[in-house]
Amino acid sequence: MAAEQSHPTIAAADHRAYMEYALEQARQSPPGPTNFCVGAVLVDADKNEVLSTGYSLELPDDEPTDPGTTHAEGCCLRKLARKHNLPEERLCEVLPKNTVMYTTMEPCNKRLSGKRPCVDRIMRLKDCIKVVYCGVKEPEDFVEQGVLVIGRKRLAEAGVEVTFIEGMEDAILAVAKSGHVKG
C-alpha cells in the first residue's frame, strides 16, 4: 500500500484554507468532457486533523459490491475504509464523532450512470459526518438543479448540515469544468 500522505497544517475552522486544499485535490483529477474535477477532504473537526482526501477518478471503479467510487467523496471514503480494513458503511466505527467533509462541489444526489450517489454515501455515515462544506453548487451540465436541491434537503433532514463556503466559485468552476468543451 502507498505511503501515508502528508497534509498541510491548517488553522482550526479555516474553512477557506480547507477548501483550497480540496481544490488542490481537484486539480489532480483527470479532466474529461463528461465529468467534473472535484476534490474532497475529510477532517476531524475536534483535533483539526485531515483524515483522508480524494479527487474525481482517483480510484478505479472496480468494486462490484461498492459501485460509484469514482467521485471525489467516494474516493476519499474508500481510501479511509481500506486503511482501516472496513467496508465504507462501517467507517463510523473509526471516524471521530465530529467529522466534517470539504468538497469543492456539492455531493451528487443522482448519477446518470446509476451508481451510488455521494449523498447516499454521506447519509450512511450521518452519525459521524456532521457537516459538509461545499465550494459550489453543482452546475446543471448533467443533472438539473431540482434533483440537486433534493440532495441538500435529504442531507439536512438526516442531520447533516450543508454549508457553502463563498469566494472561490470562479477558481473551483474553472478546475471542475477543465475538460468540458467550450461552446
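Q: Leaving aside neighbours within four places in sequence, with which residues is Tyr 102 in contact?
A: This is a predicted model, in which local features need pLDDT of at least 70, side-chain atom pairs count only at pLDDT 80 or more, and totals for chains, interfaces and linings use all residues. Residues are numbered from 1 along each chain as its sequence is written, and side-chain values use heavy atoms, without hydrogens and water. Contact means heavy atoms within 4.5 Å. On that basis, the partners of Tyr 102 are His 15, Tyr 18, Met 19, Ala 22, Gly 39, Ala 40, Val 41, Val 43 and Tyr 133.

Q: In what order do the strands of the open sheet lie?
A: Strands (E, at least two residues) and helices (H or I, at least four) are DSSP runs, numbered from the N terminus. Two strands pair if DSSP finds at least two bridges between them. The pairing is mixed, and the 5 strands follow the order 2-1-3-4-5.

Q: Which residue of strand 5 is the bridge partner of Cys 134?
A: Strand 4 (residues 129-136) and strand 5 run parallel and are joined by 4 bridges. In strand 5, Cys 134 has as its bridge partner Phe 164.
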